[in-house]
Amino acid sequence: MSDKQARQDKARAALSGIDAIMEPNMDKQLTEFLTNGGTPFQAVTMLSEKYVGLAQMCNIASEWCEEFEIDYELEMKKLVRDRIMDRFNPTAVDAEFMNSDNAPAWLEGMIHEPFWRNMIYELSEKHKKCLLLNFAIQRISDAGYQSEMSSVATASTYVNVFTGVIVGTLEKLKDLDDVTLSDQIPDLLKLTCQNEYTYLFTQILIRQLMKEPGGFAFKRISKELEEAVNEKFNRPQLVNTLRFFLEETPTQIAGPLTAILLGKSASPGDVISLYRAYTGPTPPSVEHLRDSDLLEILLSAVLVPNNEGANTMRPDLKEKYLWLIAYATGVKTDLDGQVSIA
């Protein structure tokens with residue numbers, strides 16, 4: 001095939017596209033076709049046969065929307081978004097992205113529009129390994145929109161993005177009431193539990209925030225996160241191991257605490273071990289006992305009757321259960337580490 005024929009075929013393909021006459025460079029394509037052997041009749045035939053009038057249809061639809069007070073721009077955005085969601089091909093998109101020296105010109109405009117940012121979030125949930133979408137998430141974070149990314153799982157892909165999002169999320173959560181906080185936990189779980197590392201990172205950050213003035217609220221957030229992880233992934237051993245690691249739980253009480261929390265019951269042997277540790281000359285931090293699940297298990301052991309309607313616990317043993325409960329709820333640790341009655 002000659003070069004002239006090849007150029008004519010290329011121009012012919014351009015003239016044969018739907019609504020080709022509306023394309024901005026059609027005059028150049030028409031000239032290319034005619035100067036390389038094509039006839040005016042052929043050109044007119046191709047352009048007229050492929051004319052559909054999509055642009056004119058859109059104009060008419062816009063006029064109708066104005067008549068019925070419908071937001072035409074929003075409806076068109078929704079239509080485009082639905083098409084993109086259905087037809088998005090991450091492999092093809094990444095191939096073009098990797099072969100380009102710069103990010104797509106249209107991306108910068110999209111990340112500053114809430115509608116298109118939400119579309120990117122949705123796409124990133126469906127195509128977590130797409131390089132262009134991960135890059136877009138990074139750019140959205142750099143542009144200062146971390147506060148709206150708490151429910152975006154791919155926000156954990158980059159450390160700096162994840163850090164900005166999780167810090168902003170925790171800052172908002174600490175002042176919420178019980179009901180509202182419970183509603184927000186699923187988004188926090190989605191963000192922080194992509195893997196063990198993001199969960200550990202979050203719990204480390206929460207531990208640091210607990211030490212700040214007014215940081216007590218973060219203790220409840222940490223507990224809510226632990227319970228949500230256990231409910232979703234059923235990994236109580238991991239949760240307890242990480243908690244003991246972060247709290248630097250002494251080995252003398254780590255075993256009994258683990259047995260009680262994982263077994264959901266307080267055996268006399270475990271309770272006696274804890275009692276001896278806390279009545280010894282150098283008792284561990286009282287914070288290790290201040291766990292709502294632990295206290296509930298101890299209270300149930302003391303107060304809830306057995307299947308026969310009685311509680312047969314020996315008085316001397318019951319005293320040790322009650323002592324641990326009272327100790328956990330009634331003492332405080334001074335700045336120099338001394339324990340005193342609250």
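User: How much space lies in the largest pocket?
Analyst: The largest pocket holds about 960 Å³. A pocket here is an open set of points on a 1 Å grid over the protein atoms alone, where a 1.4 Å probe fits and protein lies on both sides within 12 Å along at least five of seven lines. The volume is the space filled by probe spheres set on those points, which are joined across faces, edges and corners. Before we go on, this is a predicted model: local features need pLDDT of at least 70, side-chain atom pairs count only at pLDDT 80 or more, and totals for chains, interfaces and linings use all residues. Residues are numbered from 1 along each chain as its sequence is written, and side-chain values use heavy atoms, with hydrogens and water left out.

User: OK, which residues are closest to the centre of the largest pocket?
Analyst: Met210, Lys219, Glu247, Glu287 and Arg290. They belong to a lining of 28 residues, where a lining residue has an atom within 4 Å of a pocket point.

User: And what's that lining like by class?
Analyst: It has 13 charged, nine nonpolar and six polar residues. Asp, Glu, Lys and Arg count as charged; Ala, Val, Leu, Ile, Met, Phe, Trp, Tyr, Cys and Pro as nonpolar; the others, Gly among them, as polar.

User: Which helix gives the most to it?
Analyst: α13, with seven residues. At least two lining residues each come from α12 (196-210), α13 (217-233), α14 (236-246), α15 (251-263) and α17 (292-303). Helices are DSSP runs of H or I, at least four residues long, and strands are runs of E, at least two long, both numbered from the N terminus.

User: What about the second largest pocket, what volume does that have?
Analyst: About 390 Å³. It has 20 lining residues, and Phe88, Val93, Pro104, Trp106 and Leu132 lie nearest its centre. By class, that lining is 16 nonpolar, three polar and one charged. α6 provides the largest share, four residues.

User: Switching to aromatics. How many pairs are there?
Analyst: Five aromatic pairs. Rings of Phe, Tyr and Trp (its six-membered ring) pair if their centres lie within 6.5 Å; planes under 30 degrees apart are stacked, over 60 edge-to-face, and the rest tilted.

User: Why is the Phe97 and Phe135 pair called tilted?
Analyst: Their planes are at 45°, so the pair is tilted, and the ring centres are 5.4 Å apart. This pair links distant parts of the chain, with Phe97 in helix α6 (residues 90-98) and Phe135 in helix α9 (residues 131-142), 38 residues apart.

User: Is Phe97 buried or exposed?
Analyst: Buried, at 17% relative accessible area. Phe135 is partly exposed, at 26%. Buried means under 20%, exposed over 50%, and partly exposed in between, using a 1.4 Å probe and protein chains only.

User: How do Trp323 and Tyr327 sit, then?
Analyst: Their planes are at 20° and the ring centres 4.9 Å apart, so that pair is stacked. Both are in helix α18 (residues 315-330), four residues apart, which is about one helical turn. Trp323 is partly exposed at 28%, while Tyr327 is buried at 10%.

User: Which residues are in the cluster with them?
Analyst: Ring pairs join Trp323 and Tyr327 with Tyr275 and Tyr278. Also, the charged end of Lys320 sits over the Tyr275 ring, 5.1 Å from its centre. For that label, NZ of Lys or CZ of Arg has to be within 6 Å of the ring centre and within 35 degrees of the ring normal.

User: Zooming out, is the whole protein compact or spread out?
Analyst: There are 18 helices and two strands. The radius of gyration is 33 Å, well over the 20 Å that the globule rule gives for 342 residues, so the protein is more spread out than a compact globule. The radius is taken over C-alpha atoms, and the rule is 2.2 Å times the number of residues to the power 0.38. Along the principal axes, the C-alpha atoms fill a box of roughly 110 × 50 × 40 Å.

User: Last one: what's the phi of Asp19?
Analyst: Near 55°, a positive value in a residue other than glycine. Asp19 is in the loop between α1 (3-15) and α2 (26-35) and is buried at 7%. Lys264 also has a positive phi, about 60°, but Lys264 is exposed at 59%.
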